[in-house]
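Thanks for making time this morning.

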Amino acid sequence: ISIASVSIEWFRDVYRATVATLVVNAHLIPFFCAGIVFMLCGLTLTRALVHVLVVLTEIVLFIGIVSAAHASIRTKIGAIDNGFGANWISWSSFVGATCIPVVTAVAMVLRLLATPSTGLFLYQLQQDAICWCIVAVCHVVYVLLTFRGSPERTGIREVPLSRRGGALVGHISDTLYDYFQGRIVSEEELRSDGLYVMGFHPHGVMPLTPFWMLNCSEWRRSFPGVVVSPLTAYACHVVPVIRDLAQWMGCRDVSRESFKQALREGRSCLVVPGGQAEMLESKSTIDDIIVHTKHRGFIRLAMQAGAELVPVLSFGEVDVMDNISCPSVQQWFLQHVGIAFPHSPYGAWGLPIPRRRRITVVIGKSIKIPHISDPTNDDVKRVHDIYLASLVQLFEMHRDIANEPKGRRLTFVDGTGERHHVHSD
(Lines give C-alpha, C1' and ligand atoms only; values in the text may rest on other atoms or scores of the structure.)
Protein backbone atom coordinates (compact mmCIF):
# COMPACT_ATOMS: atom_id res chain seq x y z
CA ILE A 1 0.00 0.00 0.00
CA SER A 2 2.81 2.43 0.90
CA ILE A 3 4.65 1.67 -2.38
CA ALA A 4 1.44 2.25 -4.35
CA SER A 5 0.84 5.52 -2.51
CA VAL A 6 4.38 6.69 -3.23
CA SER A 7 3.99 5.78 -6.90
CA ILE A 8 0.69 7.64 -7.21
CA GLU A 9 2.14 10.73 -5.56
CA TRP A 10 5.18 10.54 -7.83
CA PHE A 11 2.98 10.48 -10.92
CA ARG A 12 0.99 13.40 -9.55
CA ASP A 13 4.21 15.38 -9.06
CA VAL A 14 5.30 14.59 -12.62
CA TYR A 15 1.89 15.68 -13.93
CA ARG A 16 2.02 18.94 -11.96
CA ALA A 17 5.54 19.64 -13.22
CA THR A 18 4.41 18.95 -16.78
CA VAL A 19 1.45 21.33 -16.52
CA ALA A 20 3.63 24.04 -14.96
CA THR A 21 6.24 23.62 -17.70
CA LEU A 22 3.63 23.79 -20.47
CA VAL A 23 2.07 26.94 -19.03
CA VAL A 24 5.45 28.64 -18.61
CA ASN A 25 6.39 27.79 -22.20
CA ALA A 26 2.94 28.38 -23.73
CA HIS A 27 4.32 31.26 -25.79
CA LEU A 28 6.52 28.76 -27.68
CA ILE A 29 3.66 26.44 -28.69
CA PRO A 30 2.52 28.45 -31.77
CA PHE A 31 6.10 28.54 -33.08
CA PHE A 32 6.37 24.79 -32.55
CA CYS A 33 3.09 24.28 -34.45
CA ALA A 34 4.31 26.49 -37.30
CA GLY A 35 7.51 24.44 -37.46
CA ILE A 36 5.46 21.23 -37.69
CA VAL A 37 3.46 22.69 -40.60
CA PHE A 38 6.66 23.66 -42.40
CA MET A 39 8.11 20.17 -41.95
CA LEU A 40 4.87 18.43 -43.03
CA CYS A 41 5.06 20.45 -46.24
CA GLY A 42 8.45 18.92 -46.97
CA LEU A 43 10.88 21.46 -45.54
CA THR A 44 14.01 20.19 -43.85
CA LEU A 45 14.48 20.85 -40.15
CA THR A 46 17.03 23.59 -40.83
CA ARG A 47 14.77 25.44 -43.28
CA ALA A 48 11.79 25.03 -40.95
CA LEU A 49 13.77 26.61 -38.10
CA VAL A 50 14.72 29.52 -40.35
CA HIS A 51 11.06 30.15 -41.17
CA VAL A 52 10.09 29.88 -37.49
CA LEU A 53 12.68 32.58 -36.75
CA VAL A 54 11.00 34.73 -39.41
CA VAL A 55 7.66 34.28 -37.61
CA LEU A 56 9.29 35.25 -34.30
CA THR A 57 10.86 38.34 -35.87
CA GLU A 58 7.54 39.41 -37.37
CA ILE A 59 5.77 39.14 -34.02
CA VAL A 60 8.48 41.10 -32.18
CA LEU A 61 8.34 43.85 -34.83
CA PHE A 62 4.54 43.86 -34.71
CA ILE A 63 4.51 44.30 -30.94
CA GLY A 64 7.03 47.13 -31.17
CA ILE A 65 5.30 48.99 -34.00
CA VAL A 66 1.79 48.67 -32.56
CA SER A 67 2.95 49.61 -29.04
CA ALA A 68 4.65 52.74 -30.40
CA ALA A 69 1.58 53.59 -32.47
CA HIS A 70 -0.71 53.13 -29.48
CA ALA A 71 1.45 55.44 -27.34
CA SER A 72 1.38 58.09 -30.07
CA ILE A 73 -2.39 57.81 -30.48
CA ARG A 74 -3.00 58.12 -26.76
CA THR A 75 -0.88 61.25 -26.68
CA LYS A 76 -2.29 62.96 -29.79
CA ILE A 77 -6.02 62.22 -29.70
CA GLY A 78 -6.58 61.45 -26.03
CA ALA A 79 -7.55 57.81 -26.49
CA ILE A 80 -7.82 57.39 -22.72
CA ASP A 81 -11.32 58.87 -22.67
CA ASN A 82 -11.99 58.95 -26.39
CA GLY A 83 -14.10 56.12 -27.76
CA PHE A 84 -12.84 56.70 -31.29
CA GLY A 85 -9.22 56.52 -30.16
CA ALA A 86 -9.75 53.35 -28.14
CA ASN A 87 -11.59 51.69 -31.04
CA TRP A 88 -8.87 52.75 -33.47
CA ILE A 89 -6.29 51.13 -31.23
CA SER A 90 -8.30 47.89 -31.14
CA TRP A 91 -8.77 47.86 -34.91
CA SER A 92 -5.09 48.59 -35.53
CA SER A 93 -4.22 45.61 -33.34
CA PHE A 94 -6.74 43.47 -35.23
CA VAL A 95 -5.47 44.45 -38.68
CA GLY A 96 -1.82 44.25 -37.62
CA ALA A 97 -2.22 40.79 -36.11
CA THR A 98 -3.98 39.59 -39.27
CA CYS A 99 -1.15 40.84 -41.47
CA ILE A 100 1.70 39.15 -39.54
CA PRO A 101 1.98 35.99 -41.73
CA VAL A 102 -0.10 37.28 -44.68
CA VAL A 103 2.55 39.77 -45.77
CA THR A 104 5.20 37.06 -45.86
CA ALA A 105 2.89 34.64 -47.68
CA VAL A 106 2.14 37.25 -50.37
CA ALA A 107 5.85 38.03 -50.68
CA MET A 108 6.62 34.34 -51.13
CA VAL A 109 3.96 33.95 -53.84
CA LEU A 110 5.13 37.05 -55.71
CA ARG A 111 8.70 35.84 -55.53
CA LEU A 112 7.63 32.47 -56.92
CA LEU A 113 5.73 34.10 -59.81
CA ALA A 114 8.66 36.38 -60.64
CA THR A 115 11.25 33.59 -60.63
CA PRO A 116 12.00 32.09 -64.05
CA SER A 117 14.28 29.45 -62.56
CA THR A 118 13.60 25.75 -62.75
CA GLY A 119 14.82 22.74 -60.85
CA LEU A 120 15.57 22.53 -57.12
CA PHE A 121 15.42 26.26 -56.42
CA LEU A 122 11.96 26.62 -57.93
CA TYR A 123 10.76 23.55 -56.01
CA GLN A 124 11.98 25.10 -52.75
CA LEU A 125 10.20 28.34 -53.55
CA GLN A 126 6.98 26.42 -54.18
CA GLN A 127 7.36 24.67 -50.85
CA ASP A 128 7.97 27.97 -49.05
CA ALA A 129 4.96 29.62 -50.68
CA ILE A 130 2.64 26.71 -49.87
CA CYS A 131 3.82 26.61 -46.23
CA TRP A 132 3.30 30.31 -45.67
CA CYS A 133 -0.11 30.26 -47.35
CA ILE A 134 -1.23 27.47 -44.99
CA VAL A 135 0.13 29.30 -41.93
CA ALA A 136 -1.44 32.58 -43.10
CA VAL A 137 -4.89 31.02 -43.63
CA CYS A 138 -4.82 29.31 -40.21
CA HIS A 139 -3.70 32.52 -38.52
CA VAL A 140 -6.31 34.70 -40.24
CA VAL A 141 -9.08 32.31 -39.18
CA TYR A 142 -7.71 32.35 -35.63
CA VAL A 143 -7.59 36.16 -35.57
CA LEU A 144 -11.12 36.50 -36.98
CA LEU A 145 -12.44 34.16 -34.29
CA THR A 146 -10.56 35.53 -31.27
CA PHE A 147 -9.87 39.25 -31.84
CA ARG A 148 -13.50 40.28 -32.22
CA GLY A 149 -14.84 42.60 -29.56
CA SER A 150 -11.40 43.76 -28.37
CA PRO A 151 -11.05 41.07 -25.66
CA GLU A 152 -7.81 42.63 -24.40
CA ARG A 153 -9.87 45.68 -23.40
CA THR A 154 -13.34 44.28 -22.69
CA GLY A 155 -12.52 40.86 -21.25
CA ILE A 156 -15.30 39.20 -23.26
CA ARG A 157 -13.33 35.96 -23.65
CA GLU A 158 -13.20 35.35 -19.92
CA VAL A 159 -14.51 31.91 -19.03
CA PRO A 160 -16.36 31.96 -15.67
CA LEU A 161 -15.37 29.08 -13.43
CA SER A 162 -19.03 28.13 -13.13
CA ARG A 163 -19.18 27.29 -16.86
CA ARG A 164 -17.93 24.05 -18.38
CA GLY A 165 -14.89 25.69 -19.98
CA GLY A 166 -14.02 27.26 -16.63
CA ALA A 167 -13.31 23.81 -15.23
CA LEU A 168 -10.11 23.70 -17.31
CA VAL A 169 -9.02 27.10 -15.99
CA GLY A 170 -9.77 26.01 -12.44
CA HIS A 171 -7.96 22.69 -12.90
CA ILE A 172 -4.82 24.36 -14.27
CA SER A 173 -4.88 26.88 -11.43
CA ASP A 174 -5.29 24.19 -8.77
CA THR A 175 -2.50 22.14 -10.34
CA LEU A 176 -0.13 25.11 -10.23
CA TYR A 177 -1.24 25.86 -6.66
CA ASP A 178 -0.30 22.30 -5.67
CA TYR A 179 2.96 22.31 -7.63
CA PHE A 180 4.19 25.48 -5.90
CA GLN A 181 2.82 24.31 -2.53
CA GLY A 182 0.85 27.52 -2.54
CA ARG A 183 -0.55 29.30 0.45
CA ILE A 184 -2.77 32.39 0.54
CA VAL A 185 -2.61 34.48 3.72
CA SER A 186 -4.97 37.42 4.08
CA GLU A 187 -4.93 40.07 6.77
CA GLU A 188 -8.62 40.80 6.24
CA GLU A 189 -11.58 39.43 4.35
CA LEU A 190 -12.25 40.95 0.96
CA ARG A 191 -15.88 41.88 0.30
CA SER A 192 -17.67 40.55 -2.76
CA ASP A 193 -19.21 43.99 -3.35
CA GLY A 194 -15.93 45.85 -2.86
CA LEU A 195 -13.96 47.62 -5.58
CA TYR A 196 -10.24 46.94 -5.21
CA VAL A 197 -7.04 47.77 -7.03
CA MET A 198 -4.51 45.16 -6.00
CA GLY A 199 -0.78 45.70 -6.49
CA PHE A 200 1.20 42.46 -6.83
CA HIS A 201 4.91 42.37 -5.92
CA PRO A 202 7.45 41.31 -7.07
CA HIS A 203 7.05 40.72 -10.81
CA GLY A 204 9.39 37.74 -11.08
CA VAL A 205 10.62 36.31 -14.36
CA MET A 206 7.30 34.62 -15.17
CA PRO A 207 4.51 36.05 -13.00
CA LEU A 208 2.28 32.98 -12.96
CA THR A 209 1.15 33.44 -9.38
CA PRO A 210 -1.52 36.12 -10.00
CA PHE A 211 -3.22 33.83 -12.51
CA TRP A 212 -3.45 30.66 -10.46
CA MET A 213 -4.05 32.60 -7.26
CA LEU A 214 -7.21 34.30 -8.57
CA ASN A 215 -8.68 31.10 -10.07
CA CYS A 216 -7.74 28.36 -7.61
CA SER A 217 -10.12 26.67 -5.17
CA GLU A 218 -8.36 28.20 -2.16
CA TRP A 219 -9.16 31.71 -3.42
CA ARG A 220 -12.82 30.82 -3.94
CA ARG A 221 -13.03 29.36 -0.44
CA SER A 222 -11.30 32.35 1.16
CA PHE A 223 -13.05 35.09 -0.84
CA PRO A 224 -16.38 33.81 -2.18
CA GLY A 225 -17.80 36.07 -4.87
CA VAL A 226 -14.65 38.19 -5.22
CA VAL A 227 -13.69 38.36 -8.91
CA VAL A 228 -10.52 40.19 -9.92
CA SER A 229 -9.25 40.94 -13.43
CA PRO A 230 -5.45 40.72 -13.80
CA LEU A 231 -3.96 43.35 -16.11
CA THR A 232 -1.05 42.09 -18.20
CA ALA A 233 1.45 43.45 -20.72
CA TYR A 234 0.22 43.96 -24.27
CA ALA A 235 2.58 41.24 -25.53
CA CYS A 236 0.50 38.64 -23.66
CA HIS A 237 -2.47 39.55 -25.88
CA VAL A 238 -0.66 39.00 -29.19
CA VAL A 239 0.98 35.57 -29.20
CA PRO A 240 -1.51 32.69 -29.69
CA VAL A 241 -1.99 30.17 -26.87
CA ILE A 242 -0.53 32.46 -24.20
CA ARG A 243 -3.15 35.11 -25.07
CA ASP A 244 -5.88 32.46 -25.04
CA LEU A 245 -4.91 31.23 -21.58
CA ALA A 246 -4.61 34.79 -20.29
CA GLN A 247 -7.94 35.93 -21.69
CA TRP A 248 -9.78 32.81 -20.53
CA MET A 249 -8.50 33.62 -17.05
CA GLY A 250 -9.99 37.10 -17.29
CA CYS A 251 -6.82 39.06 -18.09
CA ARG A 252 -6.98 42.42 -19.81
CA ASP A 253 -4.38 44.71 -21.29
CA VAL A 254 -2.60 46.87 -18.72
CA SER A 255 -3.31 50.02 -20.75
CA ARG A 256 -5.05 52.93 -19.07
CA GLU A 257 -8.21 52.55 -21.14
CA SER A 258 -8.60 48.87 -20.20
CA PHE A 259 -7.93 49.71 -16.55
CA LYS A 260 -10.54 52.47 -16.48
CA GLN A 261 -13.13 50.41 -18.33
CA ALA A 262 -12.78 47.53 -15.86
CA LEU A 263 -13.20 49.89 -12.90
CA ARG A 264 -16.23 51.54 -14.53
CA GLU A 265 -17.76 48.07 -14.82
CA GLY A 266 -17.25 47.57 -11.09
CA ARG A 267 -14.51 44.97 -11.65
CA SER A 268 -11.62 44.83 -9.20
CA CYS A 269 -8.21 44.78 -10.89
CA LEU A 270 -4.77 43.37 -10.13
CA VAL A 271 -1.66 45.04 -11.54
CA VAL A 272 2.04 44.26 -11.27
CA PRO A 273 3.43 47.82 -11.02
CA GLY A 274 7.08 46.79 -11.33
CA GLY A 275 6.57 45.60 -14.89
CA GLN A 276 9.32 44.33 -17.14
CA ALA A 277 11.94 46.60 -15.60
CA GLU A 278 11.44 44.69 -12.36
CA MET A 279 11.46 41.40 -14.26
CA LEU A 280 14.95 42.10 -15.60
CA GLU A 281 16.27 42.41 -12.05
CA SER A 282 14.58 39.27 -10.75
CA LYS A 283 17.27 36.76 -9.78
CA SER A 284 17.11 33.82 -7.40
CA THR A 285 20.80 34.20 -6.57
CA ILE A 286 20.65 37.65 -4.95
CA ASP A 287 19.54 38.57 -1.45
CA ASP A 288 17.16 41.33 -2.49
CA ILE A 289 13.50 41.32 -3.45
CA ILE A 290 13.52 44.17 -5.95
CA VAL A 291 10.41 46.37 -6.08
CA HIS A 292 10.33 49.24 -8.58
CA THR A 293 8.34 52.18 -7.26
CA LYS A 294 8.37 54.43 -10.33
CA HIS A 295 4.87 53.67 -11.58
CA ARG A 296 2.05 55.42 -9.73
CA GLY A 297 -0.63 55.40 -12.40
CA PHE A 298 -2.56 52.63 -10.64
CA ILE A 299 -2.75 54.85 -7.55
CA ARG A 300 -4.20 57.72 -9.57
CA LEU A 301 -6.79 55.52 -11.26
CA ALA A 302 -7.80 53.96 -7.93
CA MET A 303 -8.35 57.45 -6.49
CA GLN A 304 -10.40 58.51 -9.51
CA ALA A 305 -12.58 55.40 -9.30
CA GLY A 306 -12.97 55.47 -5.51
CA ALA A 307 -11.44 52.00 -5.20
CA GLU A 308 -9.52 50.60 -2.24
CA LEU A 309 -5.83 49.74 -2.59
CA VAL A 310 -4.66 46.27 -1.58
CA PRO A 311 -0.91 45.48 -1.42
CA VAL A 312 0.00 41.88 -2.27
CA LEU A 313 3.42 40.37 -1.57
CA SER A 314 4.46 37.00 -2.96
CA PHE A 315 7.21 35.24 -1.02
CA GLY A 316 9.21 32.79 -3.14
CA GLU A 317 8.32 34.42 -6.46
CA VAL A 318 11.91 35.28 -7.37
CA ASP A 319 13.10 31.72 -6.68
CA VAL A 320 10.91 30.01 -9.27
CA MET A 321 12.80 30.96 -12.44
CA ASP A 322 15.70 33.02 -13.77
CA ASN A 323 16.21 34.66 -17.15
CA ILE A 324 19.22 34.82 -19.45
CA SER A 325 21.18 38.00 -18.83
CA CYS A 326 21.76 40.35 -21.77
CA PRO A 327 21.19 43.67 -19.95
CA SER A 328 22.12 46.09 -22.72
CA VAL A 329 20.18 44.24 -25.43
CA GLN A 330 17.14 43.66 -23.21
CA GLN A 331 17.06 47.30 -22.09
CA TRP A 332 17.23 48.46 -25.71
CA PHE A 333 14.33 46.24 -26.74
CA LEU A 334 12.36 47.29 -23.65
CA GLN A 335 12.77 50.98 -24.44
CA HIS A 336 12.25 50.79 -28.22
CA VAL A 337 10.04 47.75 -28.78
CA GLY A 338 8.20 47.39 -25.49
CA ILE A 339 9.33 43.87 -24.57
CA ALA A 340 12.49 42.73 -22.80
CA PHE A 341 13.90 40.56 -25.60
CA PRO A 342 15.56 38.05 -25.54
CA HIS A 343 13.40 36.36 -22.94
CA SER A 344 14.40 32.77 -22.19
CA PRO A 345 13.45 31.70 -18.65
CA TYR A 346 15.11 28.72 -17.04
CA GLY A 347 14.64 26.93 -13.75
CA ALA A 348 15.32 23.38 -12.59
CA TRP A 349 18.54 21.89 -14.03
CA GLY A 350 18.98 24.93 -16.26
CA LEU A 351 15.89 23.91 -18.27
CA PRO A 352 12.66 25.87 -18.87
CA ILE A 353 11.04 24.02 -15.96
CA PRO A 354 9.85 26.08 -12.98
CA ARG A 355 11.60 25.22 -9.73
CA ARG A 356 9.26 23.77 -7.15
CA ARG A 357 9.53 26.46 -4.49
CA ARG A 358 6.91 27.15 -1.85
CA ILE A 359 5.02 30.34 -2.70
CA THR A 360 3.22 32.18 0.05
CA VAL A 361 1.01 35.05 -1.12
CA VAL A 362 0.18 37.61 1.57
CA ILE A 363 -2.76 39.91 0.90
CA GLY A 364 -2.59 43.04 3.01
CA LYS A 365 -5.34 45.09 4.57
CA SER A 366 -7.23 47.28 2.14
CA ILE A 367 -6.23 50.93 2.20
CA LYS A 368 -9.18 53.31 2.02
CA ILE A 369 -8.16 56.32 -0.04
CA PRO A 370 -9.92 59.59 -0.90
CA HIS A 371 -12.14 59.60 -3.95
CA ILE A 372 -10.74 62.45 -6.07
CA SER A 373 -11.74 62.85 -9.72
CA ASP A 374 -8.60 64.80 -10.62
CA PRO A 375 -5.89 64.11 -8.01
CA THR A 376 -2.72 66.19 -8.02
CA ASN A 377 0.75 64.68 -8.07
CA ASP A 378 1.06 65.46 -4.35
CA ASP A 379 -2.19 63.61 -3.65
CA VAL A 380 -0.93 60.57 -5.56
CA LYS A 381 2.49 60.66 -3.85
CA ARG A 382 0.91 60.86 -0.41
CA VAL A 383 -1.22 57.75 -1.04
CA HIS A 384 1.71 55.99 -2.72
CA ASP A 385 3.88 56.50 0.37
CA ILE A 386 1.15 54.94 2.53
CA TYR A 387 0.93 52.02 0.10
CA LEU A 388 4.69 51.39 0.21
CA ALA A 389 4.68 51.54 4.00
CA SER A 390 1.98 48.85 4.01
CA LEU A 391 4.12 46.74 1.70
CA VAL A 392 7.07 47.01 4.07
CA GLN A 393 4.83 46.00 6.96
CA LEU A 394 3.69 42.91 5.04
CA PHE A 395 7.31 41.89 4.52
CA GLU A 396 8.26 42.42 8.15
CA MET A 397 5.25 40.60 9.62
CA HIS A 398 5.07 37.57 7.35
CA ARG A 399 8.61 36.75 6.25
CA ASP A 400 9.04 34.17 9.03
CA ILE A 401 5.87 32.20 8.31
CA ALA A 402 6.84 32.23 4.62
CA ASN A 403 10.27 30.77 5.49
CA GLU A 404 12.00 33.57 3.64
CA PRO A 405 15.80 33.09 3.61
CA LYS A 406 17.65 34.95 6.34
CA GLY A 407 19.37 38.04 5.06
CA ARG A 408 16.96 38.63 2.18
CA ARG A 409 15.97 42.28 2.01
CA LEU A 410 13.12 44.22 0.48
CA THR A 411 14.66 46.83 -1.80
CA PHE A 412 12.83 49.73 -3.42
CA VAL A 413 14.16 51.18 -6.69
CA ASP A 414 12.81 54.63 -7.54
CA GLY A 415 12.52 56.32 -10.93
CA THR A 416 16.12 57.56 -10.82
CA GLY A 417 17.49 54.07 -10.20
CA GLU A 418 18.39 54.81 -6.58
CA ARG A 419 18.01 51.83 -4.26
CA HIS A 420 16.60 51.90 -0.75
CA HIS A 421 17.02 48.83 1.44
CA VAL A 422 14.02 48.91 3.71
CA HIS A 423 14.89 45.82 5.71
CA SER A 424 18.07 44.11 6.80
CA ASP A 425 18.80 41.62 9.55
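Let me start where Phe298, Ile299, Arg300 and Met303 of helix α13 meet Asn377, Asp379, Val380, Val383, His384 and Tyr387 of helix α15, where contact means heavy atoms within 4.5 Å. By class, this contact of α13 with α15 has six nonpolar, two polar and two charged residues; Ala, Val, Leu, Ile, Met, Phe, Trp, Tyr, Cys and Pro count as nonpolar, Asp, Glu, Lys and Arg as charged, and the others, Gly among them, as polar.

Before going further, a word on the source: this is a predicted model, in which local features need pLDDT of at least 70 and side-chain atom pairs count only at pLDDT 80 or more, while totals for chains, interfaces and linings use all residues. Residues are numbered from 1 along each chain as its sequence is written, and side-chain values use heavy atoms, with hydrogens and water left out.

How do the axes of α13 and α15 cross? They come within 9 Å and cross at roughly 105 degrees, the axes being lines fitted to C-alpha atoms over the stretch in contact, with angles running from 0 to 180 degrees between N-to-C directions. The two helices are therefore roughly perpendicular to each other, a term that covers 65 to 115 degrees, whereas angles under 35 degrees count as roughly parallel.

Helix α13 (residues 297-305) also has helix α11 (residues 256-264) as a partner, and here the axes come within 11 Å and cross at roughly 30 degrees, so α11 and α13 are roughly parallel to each other. On the α11 side, Arg256, Phe259, Lys260 and Leu263 meet Phe298, Arg300, Leu301, Gln304 and Ala305 of α13. The residues of this contact divide into five nonpolar, one polar and three charged.

The side chain of Ser229 makes a polar contact with the side chain of Arg267 at 2.9 Å. Leaving aside residues up to four places away in sequence, Ser229 touches Gly250, Arg252, Arg267, Ser268, Cys269 and Leu270.

Finally, His27 sits in the loop between α1 (2-24) and α2 (29-40), and at 19% relative accessibility His27 counts as buried. Not counting residues up to four places away in sequence, His27 touches Val239 and Ile242.

Note on methods: A polar contact is a pair of N or O atoms within 3.5 Å; within protein, one must be able to donate a hydrogen and the other to accept it, and residues adjacent in sequence count only if both atoms are side-chain atoms. Helices (H or I, at least four residues) and strands (E, at least two) are DSSP runs, numbered from the N terminus. Buried means under 20% relative accessible area, exposed over 50%, partly exposed in between (1.4 Å probe, protein chains only). Angles under 35 degrees count as roughly parallel, over 145 as roughly antiparallel, 65 to 115 as roughly perpendicular and the rest as oblique.
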